[in-house]
Amino acid sequence: MKLNMQSPMKAVLCAIQRIWLYYRCLWCVFRHNGSHEEYDKLREYCGAPQEPFWSKYEKVSSKMTDREMTALLSAIYFHTIGLTFKLWSVPHYRAEHLQEDLINNFSNIAIPGTGIPASLLCYHRYILWAYFITVHPLLTLVAAFNISSSPAHANNRDMLTIFGDELVAPGHWFLYWRINSTLVAAHYTENMSNQDSRIRDAVSSQYQYENKWKLIELGTKLRENKAFSNIKLTPVFGDEMPEIVCKHKNIEGGMGVHIFKNATSGGDWILQERLHNAPEIQRILPSSAPLSTYRVITMSDPTAESFETRHVAITTVFRAGRAGKDTDHSSVLMPVDADNQKLEPGCMFRNWYQVGKPGSNPLSTKDVSVHPDTKNELVGVHLPSSKLAASMCEEAHRRIMPSVPAVGWDVAIASDHGALILEANISCNLFGGSYDKHQYLRILDTYFANRCVGTPADASAEEYSSTAGLTSASF
């Protein structure tokens, strides 16, 4: 294992400094509980750039250095911890409160290597506080040891350097998921207290489209609207099929009969034909692979020059499905180069989904270049449809939920249908994708520095409701 060249004494001192910074930031979070003052102090403590506001009105000619980006990420990381406790019992856009949403969505996530579901930490705020104060630094030290034993993960760093980095500015996908999810939760909460009822109504209506049926229902209503002609949603069976009966060919006594009532008739089930990969996609997958989709992450950039350029695709990731699986939740995540639409080395995060399996491999799989089932090369494969997928998602973000800060879209390239948006995920992660870190952090900093309520580009309720006139009262 090749180690970082810094001396052992320097490495120890740097680790001590990071521990001091960690507890200093936690104390700040405890005192200020997710307030605007907290974020200012965290930026100061972490040595982050002190730009008060990134916008078209205050041009910034140069980019941040790597050190500045790491410092800003640290400040954002600790601020999201503070916001988590601030929003703990506050109504959430898809749950009774944030705590309930955390428990629901962490139930299948394990602390890597332990098999312990992360949801256990969320049953009381004091449990989570105790974890951050006592357990998390120790787990980070263990993780640093494991990372240092893998050249692909260590990136030429010694164990103490890795420990310091992961303690105050983690680099794993889970962090970015929590940052994005906390951002949208704070944005929703702040805008629900806006004195302008038009803004409250518009924002509330936009957040409902994370519900799969609400989004599809919207799509059926907008088919004839020319402003939405470039946005195609997954087709479903309508009123012509109010119910469907599925009967097992052998089971007797009525136990093999299942009746599903269509959502179009007031049921809980979305009934649709099974979609299959278009030839462009299927040619690089096993014959028994599931529908394999793009995850496109778009963000509403409050520093953009105009509303029409505000919604941008931050990253696109292709999920190369595994043989014999029903969905592409079991897949290799392959970033797509936005410039040439070619696949880059991928990764797999199975280590985070080993609930109930203590002692499992605590590390993710990195630098995947071939499909694990076919052994065919994936890196460098050209997927021109990824450009269409990204463009359609930018348009969908702008037209359907323009004020929501970040959305993760699942897009299929289906045989006989072309590009289709399957669903929108407002609490989204970056899926290990390639992205402009400076742009991403600049957008986050703008939101958090302004209490997540918006920016000068959010001056009117009309912009919150989209350029197409989409409001909650449109139907």
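Here is a walk through this structure, from its aromatic rings to its helices and one loop.

A quick word before setting off: this is a predicted model, where local features need pLDDT of at least 70 and side-chain atom pairs count only at pLDDT 80 or more, while totals for chains, interfaces and linings use all residues. Residues are numbered from 1 along each chain as its sequence is written, and side-chain values use heavy atoms, with hydrogens and water left out.

Let's start with the rings. A pair of aromatic rings is described by the distance of the centres and the angle of the planes. Rings of Phe, Tyr and Trp (its six-membered ring) pair if their centres lie within 6.5 Å; planes under 30 degrees apart are stacked, over 60 edge-to-face, and the rest tilted. By that rule, the structure holds 26 aromatic pairs. One of them joins tyrosine 77 and phenylalanine 78, a tilted pair at 4.9 Å centre to centre with 45° between the planes. Both tyrosine 77 and phenylalanine 78 are buried, where buried means under 20% relative accessible area, exposed over 50%, and partly exposed in between (1.4 Å probe, protein chains only).

Tryptophan 173 and phenylalanine 174 make an edge-to-face pair, 5.8 Å centre to centre and with 85° between the planes. Tryptophan 173 has a relative accessible area of 7%, so it is buried; phenylalanine 174 counts as buried too, because its relative accessibility is 14%.

A charge sits over a ring if NZ of Lys or CZ of Arg is within 6 Å of the ring centre and within 35 degrees of the ring normal. Arginine 178 lies over the face of tryptophan 177, 5.3 Å from the ring centre, and the charged end of arginine 24 sits over the ring of tyrosine 45, 3.8 Å from its centre.

Now for the helices. Helices (H or I, at least four residues) and strands (E, at least two) are DSSP runs, numbered from the N terminus. Axes are lines fitted to C-alpha atoms, for helices over the stretch in contact, and angles run from 0 to 180 degrees between N-to-C directions. The axes of α8 (residues 173-192) and α9 (residues 197-207) come within 9 Å and cross at roughly 150°. They are therefore roughly antiparallel; angles under 35 degrees count as roughly parallel, over 145 as roughly antiparallel, 65 to 115 as roughly perpendicular and the rest as oblique. Residues making the contact (heavy atoms within 4.5 Å) include Tyr188 of α8 and Tyr207 of α9.

Next come α5 (residues 125-148) and α7, whose axes come within 8 Å and cross at roughly 135°. That makes α5 oblique to α7. Among the residues in this contact are Thr140 and Ile147 of α5, and Glu166 of α7.

Glutamate 166 deserves a stop. It is found in helix α7 (residues 159-168) and counts as buried because its relative accessibility is 14%. Leaving aside residues up to four places away in sequence, glutamate 166 touches Thr140, Ile147, Gly171 and His172. Glutamate 166 and tyrosine 23 are 143 residues apart in sequence and 14 Å apart in space, C-alpha to C-alpha.

Last, the loop between α10 (212-221) and β1 (243-247) is where lysine 226 lies. Lysine 226 counts as exposed, because its relative accessibility is 76%. Lysine 226 and phenylalanine 30 are 196 residues apart in sequence and 51 Å apart in space, C-alpha to C-alpha.
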